[in-house]
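Hello,

Here is the structure you asked for. My notes follow it.

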Amino acid sequence: METYLWITSVWGVYLALAVFIVGIAWKIYQWSTTPKSPVRLGMFPKPATKGGRIVKMLKDTFIAPQSAKIEPTMWIFAFAFHVAALGAFVGHGRLIAEFPILPELLGEEGMNSFAAMSGSIAGILMLVGVLFWIGRRTFGPYKSLSVPEDYLLLALLFGVIVMGDHMRFVYGGIIHAETYREWFQSLLTFKPAFPEKLLAGNVGWSLGTHMLFTDLFLMYFPFSKLVHAIGSFATNLVRSE
C-alpha cells in the first residue's frame with residue numbers, strides 16, 4: 001500500500017500539478033494572443049456602464065440566469081453541484097492550515113463534527129449532481145449529442161467524489177483533518193511522508209484511489225471542455241460589451 005500511496009499521493013500529485021499549471025498557462029497565453037474581433041460581440045440588453053458590465057459578467061458566470069430559463073432542472077442540479085464543490089474546496093483548505101476562530105468556538109470535537117456534517121452534505125450533493133449528468137447523457141435527449149470526452153470527464157469526477165465520500169463516511173470518525181494535514185504539508189515542503197494512521201489500515205487505499213482520480217482529472221482539465229470555467233469570465237465580459 002505504501003508504494004501505491006507514493007505513486008498516487010506523492011509523485012502523482014507533483015506531476016498532476018505541473019501539467020495543470022503549465023496547461024492552464026498555455027491556454028491563457030493562447031486566449032491572450034488571439035486577435036480581437038473588430039465586431040462587437042455584446043448581446044442585448046447591454047449595461048450602459050463599466051460597473052454594470054462587470055456585475056452582469058459576474059451574474060452570468062456564477063448564476064447563469066439564461067441556463068435557468070432554458071433548462072431549469074439541469075440548472076438546479078448544476079447550481080447545487082457547484083455550490084457543494086466550492087464548499088468542498090474551501091473545506092480542503094484545512095489540509096493547509098486549520099480555519100481561524102472556528103476551532104476555538106466549537107472545540108476539537110465540535111470542529112470534527114461540523115466538518116463531518118458539512119463534508120457529508122457537500123459529498124452527497126456532488127454525487128447526486130454527477131449521477132444526474134450521467135443519466136442525462138446516457139438516457140436523456142442529449143445522448144445523441146454526447147461524445148466520449150463527456151463520459152470520461154464524468155467518470156473521473158465520479159471516481160473523485162465516490163472515493164472522497166468513502167473516506168468521509170467510512171473513516172470520517174477515525175481519521176481527522178490533522179492526519180491528512182500532516183501528509184499534505186509534507187508535500188508542500190517537498191519532504192513527503194505518510195503518518196502511521198494512513199499506513200495502518202485500509203484508509204491508505206481509499207486516499208490513494210481518491211488521489212489517483214484527482215491526479216488524472218487535474219492533468220486532463222486544461223485540455224478538456226471544462227477549461228471553460230477559466231475562460232468564462234472573459235467570455236461573459238465580451239458578451240456584455
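Which residues are linked in a network of salt bridges? Arg 137, Asp 150 and Lys 225 are. A salt bridge here is a side-chain nitrogen of Lys or Arg within 4 Å of a carboxyl oxygen of Asp or Glu.

Before the details, a note on the source. This is a predicted model, with residues numbered from 1 along each chain as its sequence is written. Local features need pLDDT of at least 70, side-chain atom pairs count only at pLDDT 80 or more, totals for chains, interfaces and linings use all residues, and side-chain values use heavy atoms, with hydrogens and water left out.

**Salt bridges**

The count comes to 3 salt bridges. Lys 225 and Asp 150 meet through their side chains at 2.7 Å, N to O. Lys 225 lies in the loop between helix H9 (203-220) and helix H10 (228-239), and Asp 150 in helix H6, so the pair ties together parts that are 75 residues apart in sequence. Helices are DSSP runs (H or I, at least four residues), numbered from the N terminus.

Asp 150 also forms a salt bridge with Arg 137, with the closest N and O atoms 3.5 Å apart. Asp 150 is in helix H6 and Arg 137 in helix H5, so this pair joins parts 13 residues apart in sequence.

How exposed are these residues? Buried means under 20% relative accessible area, exposed over 50%, and partly exposed in between (1.4 Å probe, protein chains only). Asp 150 counts as buried at 5% relative accessibility. Arg 137 counts as buried at 19%. Lys 225, at 41%, counts as partly exposed.

The side chains of Glu 71 and Arg 136 form another salt bridge (3.2 Å, N to O). Glu 71 sits in the loop between helix H3 (65-70) and H4, and Arg 136 in helix H5, so the pair ties together parts 65 residues apart in sequence. Arg 136 counts as buried, at 15% relative accessibility.

**Helix H5**

H5 (residues 102-139) has 38 residues. Its end C-alpha atoms are only 44 Å apart, short of the 56 Å that a straight helix would reach at 1.5 Å a residue. That expected span is 1.5 Å times one less than the number of residues. H5 bends by about 95° at Glu 108. The bend is the angle between axes fitted to the seven residues ending there and the seven starting there.

**Nonpolar cores**

A nonpolar core is a set of buried Ala, Val, Leu, Ile, Met, Phe, Trp, Tyr and Cys residues joined through side-chain atoms within 4.5 Å. The largest has 17 residues. Phe 81, Met 126, Val 130, Trp 133, Leu 157, Ile 161 and Phe 217 touch the most other members. Helix H4 (72-91), H5 and helix H6 (148-171) each supply at least two residues of this core. H4 gives the most, with 5 residues.

Val 130 touches Phe 81, Leu 154, Leu 157, Phe 158 and Ile 161, not counting residues up to four places away in sequence. Contact means heavy atoms within 4.5 Å. A second, separate core of 15 residues includes Val 13, Leu 95, Met 167 and Ile 175.

**A buried arginine**

Arg 94 lies in the loop between H4 and H5. Arg 94 is buried, with a relative accessible area of 7%. Beyond its neighbours within four places in sequence, Arg 94 is in contact with residues including Phe 99, Met 111, Asn 112 and Arg 181.

Best wishes
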